[in-house]
Number of protein chains: 8
Amino acid sequence: MSAPANFNGQLPVIDPDDAVMLLIDHQSGLFQTVNDMPMTALRRHAGALASIATLAGIPVITTASVPQGPNGPLIPEIHANAPHAKYVARRGEINAWHNPEFVKAVKETGRKTLIIAGTITSVCMAFPAISAIAEGYKVFVVIDASGTYSKMAEEITLARVVQAGAVPMDTAAVASEIQKTWHRDDAEKWAEIYTQIFPEYRLLIESYQPTFSK
Amino acid sequence: MSAPANFNGQLPVIDPDDAVMLLIDHQSGLFQTVNDMPMTALRRHAGALASIATLAGIPVITTASVPQGPNGPLIPEIHANAPHAKYVARRGEINAWHNPEFVKAVKETGRKTLIIAGTITSVCMAFPAISAIAEGYKVFVVIDASGTYSKMAEEITLARVVQAGAVPMDTAAVASEIQKTWHRDDAEKWAEIYTQIFPEYRLLIESYQPTFSK
Amino acid sequence: MSAPANFNGQLPVIDPDDAVMLLIDHQSGLFQTVNDMPMTALRRHAGALASIATLAGIPVITTASVPQGPNGPLIPEIHANAPHAKYVARRGEINAWHNPEFVKAVKETGRKTLIIAGTITSVCMAFPAISAIAEGYKVFVVIDASGTYSKMAEEITLARVVQAGAVPMDTAAVASEIQKTWHRDDAEKWAEIYTQIFPEYRLLIESYQPTFSK
Amino acid sequence: MSAPANFNGQLPVIDPDDAVMLLIDHQSGLFQTVNDMPMTALRRHAGALASIATLAGIPVITTASVPQGPNGPLIPEIHANAPHAKYVARRGEINAWHNPEFVKAVKETGRKTLIIAGTITSVCMAFPAISAIAEGYKVFVVIDASGTYSKMAEEITLARVVQAGAVPMDTAAVASEIQKTWHRDDAEKWAEIYTQIFPEYRLLIESYQPTFSK
Amino acid sequence: MSAPANFNGQLPVIDPDDAVMLLIDHQSGLFQTVNDMPMTALRRHAGALASIATLAGIPVITTASVPQGPNGPLIPEIHANAPHAKYVARRGEINAWHNPEFVKAVKETGRKTLIIAGTITSVCMAFPAISAIAEGYKVFVVIDASGTYSKMAEEITLARVVQAGAVPMDTAAVASEIQKTWHRDDAEKWAEIYTQIFPEYRLLIESYQPTFSK
Amino acid sequence: MSAPANFNGQLPVIDPDDAVMLLIDHQSGLFQTVNDMPMTALRRHAGALASIATLAGIPVITTASVPQGPNGPLIPEIHANAPHAKYVARRGEINAWHNPEFVKAVKETGRKTLIIAGTITSVCMAFPAISAIAEGYKVFVVIDASGTYSKMAEEITLARVVQAGAVPMDTAAVASEIQKTWHRDDAEKWAEIYTQIFPEYRLLIESYQPTFSK
Amino acid sequence: MSAPANFNGQLPVIDPDDAVMLLIDHQSGLFQTVNDMPMTALRRHAGALASIATLAGIPVITTASVPQGPNGPLIPEIHANAPHAKYVARRGEINAWHNPEFVKAVKETGRKTLIIAGTITSVCMAFPAISAIAEGYKVFVVIDASGTYSKMAEEITLARVVQAGAVPMDTAAVASEIQKTWHRDDAEKWAEIYTQIFPEYRLLIESYQPTFSK
Amino acid sequence: MSAPANFNGQLPVIDPDDAVMLLIDHQSGLFQTVNDMPMTALRRHAGALASIATLAGIPVITTASVPQGPNGPLIPEIHANAPHAKYVARRGEINAWHNPEFVKAVKETGRKTLIIAGTITSVCMAFPAISAIAEGYKVFVVIDASGTYSKMAEEITLARVVQAGAVPMDTAAVASEIQKTWHRDDAEKWAEIYTQIFPEYRLLIESYQPTFSK
C-alpha cells in the first residue's frame with residue numbers, strides 16, 4: 001500500500017463534506033504518560049481539532065478507555081469545544097473499531113473520510129486507522145494531536161500507519177485544508193484556532209492590535 | 001557579596017508583608033526573542049506571578065520598554081491578573097531603576113523586599129536587581145518568569161545576579177514561600193496557580209475530580 | 001516491496017495464534033553499546049515482550065552471539081519472564097537465520113508470523129527479519145525492544161526494514177494488539193506489563209489504589 | 001505513488017531548463033512561529049534559493065498570505081536576491097495553487113518542474129506541492145528552506161509529501177544539482193551560496209585566503 | 001554564606017553517626033510533574049537513599065503533603081526500603097520545617113547533620129534546608145533524589161541552596177561517603193545500591209558472574 | 001521505485017563478491033561542515049569501511065572534490081586502511097558519476113553492487129547513488145559513514161535515496177553483512193573494526209582480557 | 001574572592017568611560033573547534049562587541065594566536081566593525097597577558113575596566129581575565145562572545161572565572177549597560193546591534209516598518 | 001571557602017613545578033557507566049592529561065578501585081602515555097585519600113598543588129579533592145577528564161567542589177596553563193595533545209599540511 005489508500009486517483013486531501021472526526025482516549029491519566037511532545041501542546045492541538053470540527057460542521061465521535069480507572073476521564077475541552085460530539089462507551093475493547101457501536105456511529109454519518117487522533121498514538125490512534133483502511137475508508141491521522149510514551153514510539157507509529165496507507169497530518173494542515181480561505185465570515189475564529197496550534201501567533205496578533213500601554 | 005545581600009542574618013526567604021513585585025517589560029514583541037524556555041511556559045509563569053501578588057496583597061509595579069515600537073505592548077494577562085498593578089511609563093531608560101518615577105513608586109510602598117521578573121532577563125531583570133541591591137533592598141529574582149535570547153544567556157545571568165547578592169527563585173518557590181500553608185480559605189485559588197506553573201497538576205486534579213464519562 | 005510483505009490482502013496486524021517471538025542477542029555486554037534509547041527502557045521493553053508471550057501462549061525462541069566473550073550472557077529476565085522459551089546456541093553465525101537449528105526451531109512451531117526484537121538492531125534484528133520475509137513470513141519488528149549504537153543507526157534500520165516489507169512496531173502496540181480487550185481474566189497482568197513499558201502508569205495505579213499515608 | 005511522481009522513467013533530478021521556483025509565504029511574522037530549525041538558518045536557505053535561481057536563470061514566483069496583517073511582509077532578501085521574481089498577490093486562498101493567477105504565472109513559463117519552498121511547511125509548501133503533482137508536475141520540495149511550528153510537524157510533512165510523490169531536497173542538494181560543475185565561470189558565486197547554506201564554509205575560505213594579521 | 005554553613009572548619013562531608021535523613025513528599029501524584037530528570041531515575045535514587053539509611057543505621061523521617069488529594073500517597077519503596085522510618089503527618093504546612101512535630105522528630109534524634117531530598121525540589125527540599133541551616137544544622141541536599149518541574153527550576157534551586165550554605169550532593173556521593181570502604185561485610189548490599197543509582201552497573205555484574213547461556 | 005531497485009527478487013543484502021566500495025569526498029575541509037553526527041564518529045566509520053573492504057577483498061574507488069582548495073585533502077586513514085584503493089581525480093564535476101574516468105573505474109571491476117559513502121551526504125553520496133540506480137546498479141548507501149551540514153539535511157537525504165531505490169545501511173550492518181560469521185580466521189580483525197564503530201566495545205574487550213593492575 | 005573583584009563597594013556594572021575591550025583570538029581556524037554555541041551566533045556576537053565599542057568610543061585591543069598556522073587569521077568583521085582597534089602580535093604566548101606589548105597597550109589607555117572575549121573561552125578569555133584581576137582590574141567576561149570546544153568546557157570556565165572574581169556578562173547585557181537609554185541620537189544604530197545579538201528582532205523591525213508587498 | 005582555597009593571594013593558576021597529577025579509577029568497567037559526556041571524549045581527555053604530565057615532567061599517581069571485579073582494569077593509555085606514573089593499589093577504600101600509601105606517595109613528591117581527575121567524578125574525583133583541600137593543598141579538578149553517571153551528577157559535583165575551594169578546570173585549560181607558550185622546542189607535541197582534546201584541530205592541521213591528493 002504505502003501510497004494513500006482508497007483514494008483511487010483523487011487528490012489525497014481532506015474533503016470536509018465527507019469527513020468524520022474520531023477523537024479517541026484523550027484522557028487525563030493517559031496524558032501523564034505522553035513523552036513525545038509537550039503535554040500542553042498535545043492538549044491545545046486536541047482541543048483545536050474539536051473546534052475545527054465545530055466550525056466546519058464535521059461530525060465528531062469520542063470514546064474513552066476504562067475512564068473509571070487510572071486512565072482517567074476525557075479532558076473536558078474536547079466536548080466543550082465540540083458540543084455536538086457523540087460519546088460512545090466501550091466495553092473493554094482496546095481498538096475502538098472492535099466496538100460495534102463505535103463503528104455503527106461512524107457508518108450512520110454516511111461519510112467515508114476519517115480524521116483520527118488518539119492517545120496513545122501507537123495503539124488508540126493506529127489500531128482503528130489500520131482497521132478502517134482495510135474497510136475502504138480514506139484515513140487522515142493527526143500525529144501531533146495524538147501523544148505517546150516516547151519519541152521513538154511516535155516515529156515507529158508514523159512509519160507503520162504510512163506503510164498501511166494512512167495520510168499523515170499535523171494539526172495546522174488539518175485546520176488549513178478545511179478552512180481553505182481567509183475570505184470567509186468566520187475568519188477570526190480560524191485565527192483563534194491557529195493561536196492554539198502555534199502560540200507565537202497570539203503574540204503577533206497582540207502586537208498588531210495593541211490594547212495596553214501604547 | 002555572593003551571599004544573599006542585605007539580609008543581615010535574617011532568613012533569606014520572602015516576607016510577603018515587606019514585598020513589592022516588579023514585572024518589567026513582559027511585552028509581546030520581546031517575547032518573540034525568548035529562546036531559553038518555551039514562550040508559553042514563560043507566559044504562564046509571568047501571569048502566575050501577577051495572580052500570586054493579587055492573592056497575597058502584594059503591590060505590583062509594571063513598566064514597558066518603548067511599547068509603541070517593535071517591542072510591542074505588555075501581554076494583557078499581567079494587568080488582568082493583577083488589577084491593582086501600577087503602570088509606570090519610561091522615557092527610554094533601559095534600566096527601569098534609572099527612571100525616577102519607577103523608583104519613586106517602589107519607595108512609596110515603604111517596603112524593602114523586591115520580587116523581580118523581566119524580559120529579557122539579562123537586561124530588564126538583571127539591571128534593576130543589581131541597582132536595587134546596591135541601595136539596600138533584599139532582592140529575589142524569578143528566573144523562570146523572565147525570558148532571554150538563549151539558554152547560555154540565562155545561565156550567565158543567573159551567575160551574575162547570584163554573584164551580586166540576589167536570591168534566585170523559580171515561580172513555584174515564590175508561590176509556595178508566600179502561600180505558606182494549604183490550611184487557608186483561598187487554598188483552591190492557590191491550587192489553580194500551580195496548574196499555571198506545572199500544567200500536569202491540572203491533569204491530576206481532573207483525574208481526582210472527574211467530571212465526564214466516568 | 002515497502003508495503004507489508006506476505007499479507008496478501010490480510011490486515012497487517014499480529015495474529016497471536018500464528019505468531020512466534022524471536023528474542024535475539026539481548027546480552028549484557030551488547031547492552032553496554034546501546035545509545036539510541038535509555039538502556040533501562042530497552043531492558044524493560046525486552047522483558048515485557050517475554051511476559052507478553054507467556055500470557056498469550058506464544059512460543060519464544062532465544063539465541064545469543066558468542067556469550068562466552070565480551071558480548072556477555074543473556075540478561076536473565078528474558079528466560080525468567082518466559083520460562084517456556086527455547087534457547088538455541090549459534091556457531092558463530094551473525095545472522096541467526098543462517099543457523100539451521102534456529103530456523104528449524106521456527107519451522108517446528110508451524111507458525112508463519114514472526115515478532116522479532118534483537119540487539120543490536122541494525123544487525124541482530126534486521127538480518128533475520130529480512131531473511132524471513134524473503135521466505136514468506138509475515139514479520140513484525142519491535143524497534144524499541146531492540147537497541148543499537150546510535151539514534152542515526154536506529155533511524156537507518158527503521159527505513160531499511162520498512163523498505164524490505166517488515167511491519168514496524170513499538171512494544172505497547174505489540175502488547176495491545178495481542179491483548180485485544182480489558183474484558184479478560186488476566187487483565188491485571190496486562191496492566192502490570194504496561195507499567196514496564198511506560199512507568200508513569202505505575203504512578204497512576206498507585207494514586208488510584210493508595211496503600212500508604214492517606 | 002510514493003515513488004517520485006510524473007518522472008516516467010526519467011532520472012528524479014532537477015533539470016534547470018525545465019524548472020520554476022515557487023517561494024511561498026516567507027513572511028516576517030510567520031518566521032516568528034518557526035521552531036523546527038534555527039530561524040536564521042531558514043532565512044539563509046530561503047535567500048540562497050533566490051540566488052540560485054538568479055544564477056541559473058530559473059523563473060521565480062513569489063506570493064504572500066495576508067501580508068497586511070500579523071503574518072507580516074515578505075522578508076526583503078527574496079526579491080533582493082532574485083530581482084526577476086514575479087510577485088502574485090492572493091485573495092485569501094491558503095493554498096497558493098487555488099489562486100488562478102498564481103497557477104497562470106506557473107503555466108506561462110511553459111515549464112513542468114517545480115522547486116517549492118514555503119512557510120509554514122505543512123501548509124504553504126505542502127498544499128501546492130500536492131496539488132501540482134496531481135496536475136502532472138514534477139515537484140521538488142526544499143524542506144530546509146521551509147519552516148514550520150515544530151520538529152514533529154516537519155517530520156509529518158516530510159512523510160506526507162514523499163507519500164504523495166514529491167522529491168525531498170535540502171538546499172545544498174538543490175544548489176549542487178543545478179550547478180553541476182565547478183568548471184564554470186561563475187564558480188565563485190556558487191561558493192558564496194554555499195557559505196549561506198553551511199557557514200563553516202566561509203571560515204574555510206577565509207583561512208585559505210587570509211586577508212588579515214598573517 | 002555560600003561556603004558550607006555550620007561546619008566551623010570541619011570537613012564538609014557526611015558523618016553517618018551524626019546524620020538524619022529527611023525524605024519529603026515523594027508522592028505518586030507529584031512525581032507526575034517531574035521534568036528535570038527521568039522519573040524512573042528519580043524513583044530509583046529516592047529508593048536507594050532509603051536503603052542507604054537502613055544499611056548505615058541512619059534515622060529516617062518521612063512526611064507527605066496532602067496525600068489524600070491529587071498529590072497522591074508516598075511511593076511505597078520509601079518505607080519498604082527503610083522500615084525504621086518515622087512518618088510525620090502535616091497539617092497543610094508547605095515547608096515541613098513549619099510543622100512542629102516534624103522538627104521535634106528531628107531534634108529527638110539528637111543529631112545535627114541533615115541529608116534532605118524532596119519533591120518538588122524547589123519547595124519541599126529547599127524550604128526545610130534553608131530553615132534548618134538558619135538553626136545551625138549542617139545540611140546536605142540530594143539534588144538527584146529530588147525532582148522538580150523543569151531543568152531550569154532545578155538549576156535555580158541548586159544555586160539558591162548553595163548560596164544558602166547547603167552542600168549539594170548526588171545520590172552516588174551520598175552512598176560512597178557513607179559506605180567509605182568495600183572492605184566490609186555488607187559490601188554486596190552496597191553493590192546492589194549502586195545498581196539502583198546507575199543501572200549499567202548491573203550489566204557489569206551480570207557479565208562478570210554470568211548465569212545463563214555460557 | 002521506493003522498494004530496493006534492481007534486485008529483481010533477490011535478497012536486498014550485500015554480496016561481497018559483487019560489490020565495489022565508493023568513498024567520495026571524505027576531505028578535511030568538508031568534515032568541518034558536518035553537523036549531523038559527531039565528526040569523530042564519522043571519521044571512525046569512514047575508516048572502518050576502508051578496513052572492511054580490505055579484509056573482504058572488495059575494490060575501493062576514492063575521489064575528492066577540488067582538494068587544492070578549502071575542501072582540503074582526503075583524510076589519510078582512507079588510503080591507509082585500504083592501500084588497494086584507486087584514487088580518481090575529478091575535473092570539477094560535483095556528481096562523481098559525471099566524471100567518465102570514475103564510472104570507467106567502476107565498470108572495470110565488472111561488479112554491479114555499489115556500497116557508497118560520501119561527504120556531504122546530500123550531494124556527494126546521494127547524486128552518484130541516484131545516477132547509478134538509474135543505470136541498473138544495486139546501491140547500498142552508508143548514511144552514518146557520510147556526513148552533512150544538519151540533522152534535517154540527513155533526514156531529507158535518507159528519504160530521497162530510499163525513494164530512489166537505494167538500500168539504507170549503517171556501518172555496523174555493512175560490517176556484519178560482509179563478515180557473516182565469527183567462525184573465520186580473521187575474526188579478531190573484525191572485532192577490531194567494531195571498536196571503531198561503537199567504542200564501548202573496546203572497553204568490553206579490555207575488561208574481558210585485562211592487561212593491567214588486576 | 002567569588003564576589004566581583006576590585007570594585008570596592010562600587011556598583012558591579014560597566015563604566016564605558018573607564019573601559020577597554022579586549023578581543024582575543026577570534027580566528028577562522030579556532031572557530032571550527034567551537035561546539036558550545038552555534039558558530040554563527042558566536043560570530044554575530046563578537047562582531048556586535050566591536051560595533052558597540054565603536055559606537056561608545058571604547059578602545060579595542062585585538063590579538064591572534066599564531067595566525068600563520070592552522071588557527072587561521074582573525075575573522076574580518078572585528079576590525080571592519082572597529083576600525084580604531086589596535087592589533088598586537090604575540091610571540092607564541094598563549095596567555096595574551098604574558099605578552100608585554102599587549103599589557104602595555106592596555107596600560108596606555110589609562111583605564112581600569114576590561115571587557116574581555118576570546119576563543120577558546122577556557123584559555124584565550126579566561127587566562128588574561130584571571131591575570132588582570134590579580135593586577136587590580138575590574139573584569140567583565142563576555143561568555144557568549146567567546147566560544148569553546150564543548151558545553152561542559154563553557155560551564156567549567158564560567159565557574160572558574162566567577163570564582164576568580166570576574167563579572168559574567170552576555171552580549172546583550174554589555175550592549176544595554178553601555179547604551180543606557182533609547183533617548184539618544186544613535187538609537188537606530190543600537191537597534192541594529194540587537195539584530196546581531198537576537199536575529200528575531202530583525203523580523204520585528206521588518207514587520208513594524210514593512211517595505212514590500214503590503 | 002568558595003574562593004580558591006590555600007592560595008593566600010597567589011594567582012589561582014597551575015604551577016607545573018609544584019604540581020602532582022592524580023588519575024583515579026579510570027577503569028574500563030566504570031567507563032561504561034559514564035553518561036555526562038561522550039565516553040570517547042573522556043577517554044581522549046584522560047589520555048591527554050597523562051601526556052601533558054609526561055611532557056611537563058609532572059609526577060603522576062594512579063590508582064584503581066577493585067580492578068579484579070566489575071569495575072575492570074585501568075584503561076591502558078594512562079600508563080602508556082605516562083610511563084613514569086606510579087600505581088598505588090587500594091584495599092577497598094573508596095576515597096583514595098583514605099589509603100595511607102596513596103597519601104604517602106603524594107607527600108613524597110614534596111609538592112603542594114594537585115591536578116585531580118577521576119571516574120566517577122562525584123566520588124573518585126570529588127572525595128580526594130575535598131580531603132586534600134582540608135590538608136592545605138591547592139587543588140585543580142579536571143571536570144571533563146572525569147566522568148559520571150548523569151549530566152545532573154556532574155553539575156552537582158561542580159558546585160560542590162567549587163564550594164569546597166577547588167579550582168575547576170577543563171582539559172584544554174590544563175594543557176595551555178602548563179604549556180604557556182608555543183615558543184618552545186616541543187611545540188609540535190603540544191599541538192598533538194590539542195588534537196586529543198578537540199579533534200577538529202586535527203582536520204585543520206591536515207588541511208594546512210596536506211599530504212594526499214592535492
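User: Which residue lies over the face of F:Tyr137, and at what distance from the ring centre?

Analyst: A charge sits over a ring if NZ of Lys or CZ of Arg is within 6 Å of the ring centre and within 35 degrees of the ring normal. In this predicted model, F:Lys112 lies over the face of F:Tyr137, 4.2 Å from the ring centre. In chain A, the charged end of A:Lys112 sits over the ring of A:Tyr137, 4.2 Å from its centre.

User: How many aromatic pairs are there over all chains?

Analyst: Rings of Phe, Tyr and Trp (its six-membered ring) pair if their centres lie within 6.5 Å; planes under 30 degrees apart are stacked, over 60 edge-to-face, the rest tilted. The whole structure has 48 aromatic pairs over all chains. One of them joins F:Phe198 and F:Tyr201, with centres 5.9 Å apart and planes at 85 degrees, so the pair is edge-to-face.

User: Is F:Phe198 buried or exposed?

Analyst: Buried means under 20% relative accessible area, exposed over 50%, partly exposed in between (1.4 Å probe, protein chains only). F:Phe198 is buried at 5% relative accessibility, and F:Tyr201 is buried at 7%.

User: What do the numbering and values rest on?

Analyst: Residues are numbered from 1 along each chain as its sequence is written, and chains are lettered from A and ligands numbered from 1 in the order written. Local features need pLDDT of at least 70, side-chain atom pairs count only at pLDDT 80 or more, and totals for chains, interfaces and linings use all residues, while side-chain values use heavy atoms, leaving out hydrogens and water.
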